[in-house]
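Thanks for asking me to look this one over.

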Amino acid sequence: MPQVQNWQIGREMEYPYEDAYPERQFAFVFNINRCIACQTCTMACKSTWTFARGQEFMWWNNVETKPYGGYPQHWDVKLLRMLEEANPGRQTWDPDGRFEGKTVFEAASTREGPEGHQRALGYIPTDEEWRFPNIYEDTPTGGDAHSSRGAYDPDGTALPVHRTWFFYLQRLCNHCSYPACLAACPRRAIYKRSEDGIVLIDQKRCRGYKKCVEACPYKKPMFRSTTRVSEKCIACYPRIEGKDPLTGGKPMETRCMTACVGKIRLQGLVKIGEDGSWVEDRQNPLYYLVKVAKVALPLYPQFGTQPNGYYIPPRWVPRPYLQQMFGPGVDEAIDRYVMPSRELLAVLQLFRTTQRIIFRYEIEEGKKVYERTVDGKTWAMYDDTIAGFDQAGNEVTRVSVEEPIHIRPERYVNSI
Ligand code: SF4
Ligand code: SF4
């Protein structure tokens, strides 16, 4: 099988096709710490793309409560168990951040079936598992060393790590660099666009074999019973292409991103080099968050698909849980997030200030407004101003770290 470079696992890995990379890649950063699980993103997607007959149980975007929630139910637990069975005791990372275990592609050959082995280790969820997109919402774990569902720790809880905890995980297709759905499709109906890396299913070629549903470790392709073919998130590609009349031909973020009430989402297009790595683009906010500040991490990088969704991990959750979900960079990411540098604090203000895709930012320094000591270290906050620019270099947003206060004139005090 061909070998491809996967920077998220720090090594080459097997993939059924030779490497081929887009010029730019659709990518996003979600700040889990800010999500309020309002599901506005979920409904924005549903009301745009999946409101027709046969799509009733189809949620391209979903927000689930971890550790017990999942759509489909148990998606990650089941796959982690399958990988562990394929490579017992060896699904580990070395101290340099290199994954020593098997990815879904490398583990596939360990399972022989009547048709030979799979192209990516996977399973097809039952109908029952797709039925509850928000099961166990707000259900915590805690109480004792082994934890139990819905239990609360009787002694209360405090940072840095809570003993009673849950968090919201926002999910959509990751438009992976090495898509398992694409690798598994016997009809070659799935393709990755060379201009933006968006992964699409050609509805005319698909015959509904469900191999993509089986292979995607994130379970984001879904079978539609009325048309007998599979469908998945299309990254609102007309918006990415600038076809939405709202932005006059300029690239625009997706529906789920722009609707986000908690301001947790920032989506963009990053430059990709010939070898598949991210080209240095220091002033691109996604490049900065993922490659420079390193506060945002991929979801289950050990699966091996090199997903293009990145998450700022929740600071209150026990670290072993986060490490198995986001890989070895968790401690450093949380340390940097809780004591943000001046630049990081400014870039975090960009989230959801415009519907346009931001390709570059600039910071204008402001005055110091606050200082305190945290864990023996001095931390200061500055009222810097950050401006974001679109692809053509036009300024599309400008925001300061401190929100300005507007005092309502007295004659409007009791009016709405
Ligand atoms: S998340 Fe799943 S459906 Fe989306 S590109 Fe990756 S493997 Fe394919
Ligand atoms: S809209 Fe934003 S805050 Fe609300 S659930 Fe979705 S990601 Fe979370």
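1. Let me start with helix α1, which spans residues 40-49: Cys41, Thr42, Cys45 and Lys46 are its buried residues. Around the axis they cover an arc of only 130 degrees, so they sit on the same side of α1. The elements that cover these buried residues include β4 (62-66), β9 (167-171) and α7 (255-258). Please keep in mind throughout that this is a predicted model.

2. Cys41 turns up again at ligand 2, where it is among the closest residues, along with Cys35, Cys38, Cys260 and Gly262. In total, 15 residues surround this ligand. By type, the shell around ligand 2 holds 10 nonpolar residues, four polar and one charged.

3. What surrounds ligand 1? Its shell has 14 residues, and the closest are Cys173, Cys176, Pro179, Cys181 and Cys216. Nine residues of this shell are nonpolar, three are polar and two are charged.

4. Cys181 also has a place in the largest nonpolar core, which has 99 residues. Together with Val29, Ala120, Cys212, Leu289, Ala296 and Tyr311, Cys181 touches the most other members of that core.

5. Which residues of helix α9 (residues 319-326) are buried? They are Leu322, Met325 and Phe326. Viewed down the axis of α9, these buried residues fall within an arc of 75 degrees, so they line one face of the helix. Their cover includes β15 (297-298), β16 (309-312) and α10 (330-338). Just after α9 comes Gly327, with a positive phi of about 85 degrees.

6. Finally, the protein as a whole. There are 11 helices and 21 strands. The radius of gyration is 22 Å, close to the 22 Å that the globule rule gives for 416 residues, so the protein is as compact as a globular protein of that length. Along the principal axes, the C-alpha trace spans about 75 × 55 × 45 Å.

7. Of the 416 residues, 42% are buried. Among contacts with a separation of 6 or more, 62% join residues 24 or more positions apart.

Technical notes: Residues numbered from 1 in each chain as written. Chains lettered and ligands numbered in written order. Predicted model: local features only at pLDDT ≥ 70, side-chain atom pairs only at ≥ 80, totals over all residues. Near = placed C-beta within 6 Å. Nonpolar A, V, L, I, M, F, W, Y, C, P; charged D, E, K, R; others polar. Core = buried A, V, L, I, M, F, W, Y, C linked by C-beta atoms within 7 Å. Buried ≥ 20, exposed ≤ 12 C-beta atoms within 10 Å, placed from the backbone. Helix = DSSP H or I, 4+ residues; strand = E, 2+ residues; numbered from the N terminus. Arc of directions from axis to C-beta. Contact = placed C-beta atoms within 7 Å. Rg over C-alpha atoms; globule rule 2.2 N^0.38 Å.
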